[in-house]
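User: Please take me through this structure, beginning with a charged pair and moving on to its surroundings.

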Amino acid sequence: MEADVHDSGSVLAAPEVTATLDLSRPVALSLNAVLHFFPDDQGPYGIVAHLLSALAPGSHLVLSHVTADIDAEGIARAVQVYEASGILAQARPRAEVERFLDGLEIVPPGLAVPHRWDADGLAEASRITADVSDAEVSCYVAMARKP
């Protein structure tokens, strides 16, 4: 389905959604590589809250979000490239990304850089990503459950 997340009501009412998902049962809302394209003046926290309000308890939010916490200079350049192309972008610090999870039960290990998010503590995951630096990734990921 193609939709504009700015109009979260139309996303939730889209025939592709209503014919496919039973929102009275738990589902996953995946907002990976999306929220950093919604500057604060576009109401990203309200959009996420509206989408979550339509989901049943037990549903999960999965998100990733670019941050300048780790490589401020590199991410500032990346944001400039997007904006020069007419694409708005906003890197957010950890505390602002965590706000998207307000009212949810955060799944361990919580908000982390993606190559270190290891819910099962698998040594294999650490071995595979050992040569990747946090600065090369410069984003956070998290999963949280709607109570």
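**A charged pair and the sheet around it**

Analyst: R145 is partly exposed, with a relative accessible area of 32%; that term covers values between buried (under 20%) and exposed (over 50%), using a 1.4 Å probe and protein chains only. The model is predicted: local features need pLDDT of at least 70 and side-chain atom pairs pLDDT 80 or more, while totals for chains, interfaces and linings use all residues. Residues are numbered from 1 along each chain as its sequence is written, and side-chain values use heavy atoms, without hydrogens and water.

User: With which residue does E105 form a salt bridge?

Analyst: A salt bridge here is a side-chain nitrogen of Lys or Arg within 4 Å of a carboxyl oxygen of Asp or Glu. The closest N and O atoms of the pair are 3.0 Å apart. The pair links distant parts of the chain, strand 3 and strand 4, 40 residues apart. The partner of E105 is R145.

User: Which strands stand at the edges of the sheet?

Analyst: Strands are DSSP runs (E, at least two residues), numbered from the N terminus, and two strands pair if DSSP finds at least two bridges between them. The open sheet of 4 strands has the order 1-2-4-3, with mixed pairing. Each edge strand has a single partner, so one side is left without a neighbour in the sheet; these are strand 1 and strand 3.

User: Is S59 buried or exposed?

Analyst: S59 lies in the loop between helix 3 and strand 2. Its relative accessible area is 1%, so S59 is buried.
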